[in-house]
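Thank you all for coming; I would like to walk through one model this morning, going from one site to the next. Please keep the structure open beside you while I talk.

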Amino acid sequence: MNGAQSLLETFVAAGVDVCFTNPGTSEMHFVAALDQQDGMRAVLGLFEGVVTGAADGYARMAGKPACTLLHLGPGLANGLANLHNARRARSPIVNVVGEHATYHRALDAPLASDIEGFARPVSGWIRVSEQAENVALDAAAAVQAAQTPPGQIATLILPADTAWNEAPGSAAPLPAPSPGNADPDAVKRAIEALRSGEPCVILLGGGAVDEPALALADRIAQRTGARVMGDTFLARIGRGAGRVDLPRLPYFAEQAEEALAGTRHLILVDTKAPVSFFAYPNQASELTPEGCEVHPLVRPGEAWVPALEAVADGVGAGQEQPRVMDLAPPGAPSGALTAESIGQSVGALLPENAVLVNEAVTSGFALPPMTAAAAPHDWLELTGGAIGLGLPAAVGAAIACPDRRVLALQADGSAMYTIQSLWTMARENLDVTVVLFANRKYAILQVEFMRVGAHNPGPKAMDMLDLSRPDLNFVDLARGMGVPAERAVDAVSFHDALARSFATPGPYLIETVL
Ligand SMILES: Cc1ncc(C[n+]2csc(CCOP(=O)(O)OP(=O)(O)O)c2C)c(N)n1
Ligand SMILES: [Mg+2]
């Protein structure tokens, strides 16, 4: 057995059985080992942003890490933006980054680079395997590190000779660490605040938006009059019929301030005190109102359910039943094709247990209200603001959940960062429906242009926020990568196309020109 084989055998034994890859020469022994290791599914992405974004989507849905295979520093660097998003989502991922053979590193060959330097800002754990004998133990340690609450990125750098040299065998899995407990004093202070009669907001973030957390927070709210809100962007939340609907902190700072106005106690569950996404001239960056006390109840890495249970007991929320949504999807739309009519069709047709990946940006405003009472579904979104996650995350979600339909709601500008994802969808025959919102501009930046106070945009400035000249043809792009596609012209033809796609296995893209 060589080092690469010991690596793969160790991964599979630890439950890491999907690898998103974009290999090069230094990773060839890893690639060769894939044929010796039946248990590892290998999925090729044609750009590293696809690879890392797919690993993020996979982790969010599978609740365990996939591994990536990346080619030295440049391959890792190409994948960094989506690793940044994954870090913000606290997704467990094990990166395997190939490196020159140990004796070759010092020669400064063309592909030599500071791999650790590229890896550090996104990784919670980094290790270089220095010899084949260590690879299996390092692999087991990497999986354990990735699974350390609340979830992080572990990067294992593998010099080529450690992959091809003889290794003693695989390593046994190491136990995944358990989350810590919330500070009992923090629980006490939260109970006091909630019983004070003063206006309280319970802000849920991170993993603390699963069904038990939402139900407990809602029961506490009913008992105490506190309001429950979710962070603006969440890695994953279950929504729709049978779930508690969670209002979100709005994106724009002034709207977020308004939503929190008058709050005297802000209770944080697996999140931090909210800050605005960007700074704007003459606007506050910190969104906690003046005179509001912040109570960190559950910190990232701590278990939220026992803490919320203790708070529910402490405020006497024993009798309350969580207020869950009844199934009440919207009706089918008619007339012109608009972002609103699309949202209506999505709400009406969403199959039970669908995974909805939202990177619709400005075209997505109708989606939350139209899907709140739709069939139960999971909702994934961009956690780190680096666009180009949507399509790769849809790939990863579909591989994690082969029996569920994935719906990628995708803005055009963001789609183009990682459009190669379509090819992986076709090659793996994934049940992904892509709805492409082609407004042919960076619409959000046209809004932000005004908001930051950069007034009177000239033609050169506007040209930087415009995607026409030429218009992108997403139907041709999709077909060129093996994904069947059509362009919807009105609300009814879109509705029919969406229904057809949901009923047909395999990927499909519907372009909507708005
Ligand atoms: C990696 C990365 N590069 C650039 C940006 C800046 N940016 C934010 S939104 C945006 C354009 C979004 O346009 P589109 O996806 O078409 O959505 P729309 O605003 O048109 O709804 C850009 C370029 C970013 N957020 N992340
Ligand atoms: Mg756009």
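Let me begin with a question: leaving aside its neighbours within four places in sequence, which residues is Glu116 in contact with? With contact meaning heavy atoms within 4.5 Å, the partners of Glu116 are Ile126, Val128 and Ile157. Glu116 is found in helix H6, residues 115-119, where helices (H or I, at least four residues) and strands (E, at least two) are DSSP runs numbered from the N terminus. At 35% relative accessibility Glu116 counts as partly exposed; buried means under 20% relative accessible area, exposed over 50%, and partly exposed in between, with a 1.4 Å probe and protein chains only. Glu116 and Ile157 are 41 residues apart along the chain, and their C-alpha atoms are separated by 8.2 Å.

Before going on, some conventions. This is a predicted model, in which local features need pLDDT of at least 70 and side-chain atom pairs count only at pLDDT 80 or more, while totals for chains, interfaces and linings use all residues. Residues are numbered from 1 along each chain as its sequence is written, chains are lettered from A and ligands numbered from 1 in the order in which they are written, and side-chain values use heavy atoms, with hydrogens and water left out.

Now to the ligands. Ligand 1 is surrounded by 17 residues, and the closest are Thr362, Asp412, Ser414, Lys441 and Ile444, where a residue counts as near if one of its heavy atoms lies within 4 Å. Among the polar approaches, a polar side-chain atom of Ser414 lies 2.6 Å from an oxygen atom of ligand 1, a backbone N or O atom of Gly413 lies 2.8 Å from an oxygen atom of the ligand, and a polar backbone atom of Ile387 is 3.2 Å from one of its nitrogen atoms. On its own ligand 1 has 590 Å² of accessible area, of which the protein covers 78%, by the Shrake-Rupley method with a 1.4 Å probe.

Which atoms coordinate the magnesium ion, ligand 2? Asp412 (OD), Asn439 (OD1) and Lys441 (O) do, at 2.1 Å, and along the chain these donors follow the spacing D-x26-N-x1-K. Asp412 lies in helix H16 (residues 412-415), whereas Asn439 lies in the loop between strand E15 (432-438) and helix H18 (443-451), so the pair ties together parts that are 27 residues apart in sequence. Both Asp412 and Asn439 are buried.

Staying with H18 for a moment, its buried residues are Ala443, Glu448 and Phe449, and what covers them includes helix H19, residues 459-463. After H18 comes Gly453, whose phi is positive, near 90°.

Turning to the interior, a nonpolar core is a set of buried Ala, Val, Leu, Ile, Met, Phe, Trp, Tyr and Cys residues joined through side-chain atoms within 4.5 Å. The largest one has 54 residues, and those with the most contacts inside it include Leu194, Ile202 and Leu409; helix H10 (residues 211-224) gives the most to this core, with six residues. A second, separate core of 52 residues includes Leu70, Ala398, Ile419 and Phe474.

Helix H15 (residues 390-400) is mostly covered, with ten of its eleven residues buried, among them Ala393, Gly396 and Ala397. Those three are also what Gly57 is in contact with, leaving aside its neighbours within four places in sequence. Gly57 sits in helix H3, residues 48-62, and is buried, with a relative accessible area of 0%.

Finally, is His71 buried or exposed? His71 is buried, with a relative accessible area of 16%, and its place is in the loop between strand E3 (67-70) and helix H4 (72-78). The side chains of His71 and Ser26 are joined by a polar contact of 3.3 Å, that is, a pair of N or O atoms within 3.5 Å; within protein, one must be able to donate a hydrogen and the other to accept it, and residues adjacent in sequence count only if both atoms are side-chain atoms.

Note on methods. Donors are N, O and S atoms within 2.8 Å of the metal (3.2 Å for Na, K and Ca); water is not among the atoms, so sites may look incomplete.
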